[in-house]
Amino acid sequence: MKKAIIIRATSGIGKSLAEVLLREGYMAGVTGRREELFQSLQLHDAKRIVFKKMDVRDLSTVESECNELVSQIGGLDLLIISAGIGEENKNLNFDTENNVIRTNIQGFTLIANWALRYFKEQGHGHLVNISSIAGIRGNGNAPSYNATKAYQINYLEGLRINVKESGSSITVTDVRPGFVDTAMAKGEGLFWVAPVHKAAEQIYAAIKQKKEVVYITKRWRLIALLLRIIPFSILKRL
């Protein structure tokens, strides 16, 4: 039986991925800040899931909590980080920006670093992170969100290079969603909003195929291309 940990699986994409993995026969360790939300998971087999309360911003406890989860589920083949947050912050309140940074950079880096060291020691494993298409360019309404997602994209690329140089059998997957129907999808005029269950199914398909980079849904690859080439003079008016 394969073993997986999903960081923040009590809502959104993480929750749907946990349900997919349970359906597919995984033993799952899941985390979240609110234990009551764990009860809403559609459990196919309650004996194959372990919950641990975790706040990724508490850097002093995250590694020990991950190690405890690994011990409880009996190993680790797949780790999914779905703990990103984002806030509209046009007024540039620093507390808001810092909260995003603590979660999307510090918490993310600690968990990704821990996972790669664990997988290197055992010689195999699969790290998946839910970044965002937002990481391709800046955003005046949510500067820290786009910037921290850009950090994640580049950090994962660095980990991929690191793994290849070490010769380990480890896969690093960067999942870049567009708009998905979760609490993270904010603002007016949203388009191509994917149902969360559809996003989870496509992510799981990418995991099985061991893809390095995947856009969710697939049509967002076109938007990613346009974002890379669009001049700043146009971007700032969007």
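Guide: Rings of Phe, Tyr and Trp count as a pair if their centres lie within 6.5 Å, and planes over 60 degrees apart count as edge-to-face. With that rule in hand, one may turn to the model, which is predicted. F108, Y151 and Y155 form one aromatic cluster. A search of the whole structure finds six aromatic pairs. One of them joins F108 to Y151: the ring centres are 6.3 Å apart and the planes stand at 85° to each other, which makes the pair edge-to-face.

The positions of these two residues deserve attention. F108 belongs to helix α4 (residues 94-122), whereas Y151 belongs to helix α5 (residues 143-166), so the pair ties together parts that lie 43 residues apart in sequence. The two partners may also be described by their accessibility. F108 has a relative accessibility of 2% and therefore counts as buried, since the cut-off for that class is under 20%. Y151, with a relative accessible area of 28%, is partly exposed.

Two packed helices are described by the angle between their axes and the distance between the axes. For α4 and α5 the angle is about 10° and the axes are 9 Å apart. The two helices are therefore roughly parallel to each other, because angles under 35 degrees fall in that class. The contact of α4 with α5 comprises 13 nonpolar, eight polar and three charged residues. As for handedness, α4 passes α5 in a right-handed crossing.

Helix α1 (residues 12-23) and helix α6 (residues 196-208) have axes that come within 9 Å and cross at roughly 60°. That angle makes α1 oblique to α6. The crossing of α1 past α6 is right-handed. On the α1 side, the residues in contact are G12, I13, S16, L17, V20, L21 and R23, and they meet V196, H197, A200, E201, I203 and Y204 of α6. By class, the residues of this contact are eight nonpolar, three polar and two charged.

R8 lies in the loop between β1 (3-7) and α1. R8 has a positive phi of about 65°, although it is not a glycine, and its relative accessibility of 31% places it among the partly exposed residues. K210 is found in the loop between α6 and β7. K210 likewise has a positive phi, of about 55°, and is not a glycine; with a relative accessible area of 53%, K210 is exposed. The peptide bond from I216 to T217 is cis, with omega near -10°.

The protein chain has eight helices and seven strands. Of its 238 residues, 49% are buried, and F108 is one of the residues counted as buried. Among contacts in the chain with a separation of 6 or more, 64% are between residues 24 or more positions apart.

How values were computed
Residues numbered from 1 in each chain as written. Predicted model: local features only at pLDDT ≥ 70, side-chain atom pairs only at ≥ 80, totals over all residues. Heavy atoms only, no water. Axes fitted to C-alpha atoms, helices over the stretch in contact; angles between N-to-C directions. Helix = DSSP H or I, 4+ residues; strand = E, 2+ residues; numbered from the N terminus. Parallel < 35°, antiparallel > 145°, perpendicular 65-115°, else oblique. Left-handed = near helix turned anticlockwise from the far one by under 90°. Contact = heavy atoms within 4.5 Å. Nonpolar A, V, L, I, M, F, W, Y, C, P; charged D, E, K, R; others polar. Phe/Tyr/Trp six-rings, centres within 6.5 Å; stacked < 30°, edge-to-face > 60°. Buried < 20%, exposed > 50% of the residue type's maximum accessible area, 1.4 Å probe, protein only.
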